[in-house]
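Subject: Structure handover

Hi,

Here is the structure I promised to pass on. Please open it first, then read the notes under it.

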Amino acid sequence: MKQKLFLWVEEYLFFPNLFQRLISILLLPFTLVYMLIIAFKRAKSTPIDFKIPIISIGNIIVGGSGKTPLTIKLAKNYEDVAVILRGYGRKSRGLFVVSKNGKILTDINTSGDEAMLLAKSLPKATIIVSEDRKKAILKAKELNCKLIFLDDGFSKYDIKKFDILIRPNIEPTNLLCLPSGGYREPKMAYSLANLELQEDVDFKRIVTIYKDETKVDILPQKLILLTAISKPKRVLEFLPKNTKMVAFEDHHNFTENEINDIKLKYKDYSFITTEKDYVKLQNFVFDNIYLAKLDLEIISKDKLSLINKYIKINKI
C-alpha cells in the first residue's frame with residue numbers, strides 16, 4: 001500500500017490522469033500562495049559573494065534528476081573541491097564534515113545516503129552536510145577548499161554562484177508548481193540559470209551492472225529492483241523487462257524487519273539496487289544482490305568550457 005501511494009503521488013505530480021488533474025485544479029489557490037512566496041524570497045534576496053567559485057547543481061522539479069551523478073562527474077575534474085549538501089534523510093542535524101580529502105569521518109546515519117555516496121565516489125574531495133549552506137561554505141573555506149559544488153542550490157538566492165539546472169529528457173505534462181504539480185519554481189526559471197543541461201541532449205546516462213565488484217552482462221530472469229530513490233521507474237529502463245520493483249520513498253532508511261519481509265516474500269528472486277541505496281543496504285545480508293552503477297557521458301562538451309571559464313575568473 002505504501003509503495004502504491006508513493007508511486008501515485010509521483011504520477012500526480014508529473015504525469016497525472018484525469019482524476020489527478022481535478023485534484024491539481026482544486027489545489028490551485030495554494031499553488032498561487034506558494035508562487036508568491038517564491039517570488040518574494042527571490043525579490044528580497046541580495047546574493048553574498050563568498051570570494052570563492054561556487055557551482056550549484058540543481059533542478060526545478062521535485063525529486064531526482066541526476067544531480068548527484070553530475071556532481072560526481074564534474075567534481076572529479078578539479079582539486080581542492082568541497083561538495084556541500086543538506087543531507088536529506090540523515091538522522092543528524094547541524095553541520096558535519098562527512099569526509100575530508102577523501103577520508104570518511106562520519107557514519108551514514110550522520111551523513112545521509114547522498115553525502116555518503118559522494119564521499120565514497122570522490123576520494124580527493126571534502127563533503128559537508130548542513131541545513132545552513134552559508135555556514136558550510138565558510139567551513140569549506142576554513143578547510144582550504146578552493147572550489148565548491150553546491151547540491152540543489154538553485155533556490156539559495158542569497159548566495160552568489162554559477163547555477164546549473166538539469167532538465168529531464170521527458171518534460172512533465174503537469175506544468176504547475178507545488179502542490180498542484182511537481183515544479184518547485186515556474187518553468188520559466190530555466191532562463192535564469194547560467195547553464196542548462198538536458199538529459200539525452202547535453203548528457204546521457206550510462207548504467208553498468210556489477211556483482212561483488214565484477215562487471216556482469218547477463219542478469220537473472222527473476223529480478224527485483226529494491227530502491228528508495230525519487231522516480232524509481234527510470235532505473236527499470238536499464239533492466240530486463242520482466243524486472244519487478246519494490247520502491248520506498250526517497251531517502252528511506254531501511255529497517256531489518258522490512259528487509260527480512262522482502263527477502264521472505266521474494267525468496268526465489270535476486271535483487272538489484274542503485275549506488276545511493278547500496279550505501280544503506282550493504283549493512284544487510286543478501287545472498288544474491290547486484291549493483292547498478294550510474295555514470296554520465298557529457299555530450300555537449302562545449303558547455304563545460306563555460307564552467308571552466310567561471311572557475312578561472314572567480315578562483316581564489
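Below are the notes, from the whole chain down to single residues.

**Ground rules**

This is a predicted model, where local features need pLDDT of at least 70, side-chain atom pairs count only at pLDDT 80 or more, and totals for chains, interfaces and linings use all residues. Residues are numbered from 1 along each chain as its sequence is written, and side-chain values use heavy atoms, with hydrogens and water left out.

**Whole chain**

The chain has 11 helices and 14 strands. Both are DSSP runs, numbered from the N terminus: helices are H or I with at least four residues, strands are E with at least two. The radius of gyration is 20 Å, which agrees with the value near 20 Å for a compact globule of 316 residues. That radius is taken over C-alpha atoms, and the globule rule is 2.2 Å times the number of residues to the power 0.38. The C-alpha trace spans about 55 × 50 × 40 Å along its principal axes.

Of the 316 residues, 48% are buried. Buried means under 20% relative accessible area, exposed means over 50%, and partly exposed is in between (1.4 Å probe, protein chains only). The chain exposes about 16,300 Å², and carbon and sulfur atoms supply 57% of that area. Areas come from the Shrake-Rupley method with a 1.4 Å probe; for residues, only the protein chains shown count as cover.

Take the contacts between residues at least 6 apart in sequence: 72% of them join residues at least 24 apart. Contact means heavy atoms within 4.5 Å.

Helix α4 covers residues 67-75 and is mostly covered, with eight of its nine residues buried. Among them are K67, T68, P69 and L70.

D80 sits in the loop between α4 and β2 (81-85). D80 is partly exposed, at 40% relative accessible area. What is D80 in contact with, leaving aside its neighbours within four places in sequence? The partners are N144, C145, K146 and L147. D80 and C145 are 65 residues apart along the chain, yet their C-alpha atoms are separated by 4.8 Å.

**Salt bridges**

Side chains of opposite charge can pair when their charged atoms come close. The whole structure holds 19 salt bridges. The criterion is a side-chain nitrogen of Lys or Arg within 4 Å of a carboxyl oxygen of Asp or Glu. Three of these pairs follow.

- K134 and D158 meet at 2.9 Å, N to O. The pair links distant parts of the chain, 24 residues apart: K134 is in helix α7 (residues 133-142), D158 in the loop between β6 (147-151) and β7 (162-167). K134 is partly exposed at 28%, and D158 is partly exposed at 24%.
- K139 and E142 meet at 3.2 Å, N to O. Both lie in helix α7, three residues apart, about one turn of the helix. K139 is partly exposed at 24%, whereas E142 is exposed at 54%.
- R167 and E196 meet at 3.1 Å, N to O. R167 lies in strand β7 and E196 in strand β8 (residues 195-198), so the pair ties together parts that are 29 residues apart in sequence. R167 is buried at 16%, while E196 is partly exposed at 24%. Salt bridges that share partners join R167, E171, K187 and E196 into one network.

**H251**

H251 is found in the loop between β12 (244-247) and α9 (256-265). Is H251 buried or exposed? H251 has a relative accessible area of 13%, so the residue counts as buried. Its side chain makes a polar contact of 3.3 Å with the side chain of D250. A polar contact is a pair of N or O atoms within 3.5 Å; within protein, one must be able to donate a hydrogen and the other to accept it, and residues adjacent in sequence count only if both atoms are side-chain atoms. Leaving aside neighbours within four places in sequence, H251 is in contact with Y88, G89, D113, E114, A228, K276 and K280.

**Nonpolar surface patch**

L18, L22, I25, L28 and L176 form a nonpolar patch on the surface, with about 450 Å² of accessible area together. Patches take residues with over 30% relative accessible area and no salt bridge; like charges are joined within 9 Å, nonpolar side chains (Val, Leu, Ile, Met, Phe, Trp, Tyr) within 5 Å. Helix α2 (residues 18-26) gives the largest share, three residues. L28 lies in helix α3 (residues 28-44) and is partly exposed, at 31% relative accessibility.

Best wishes
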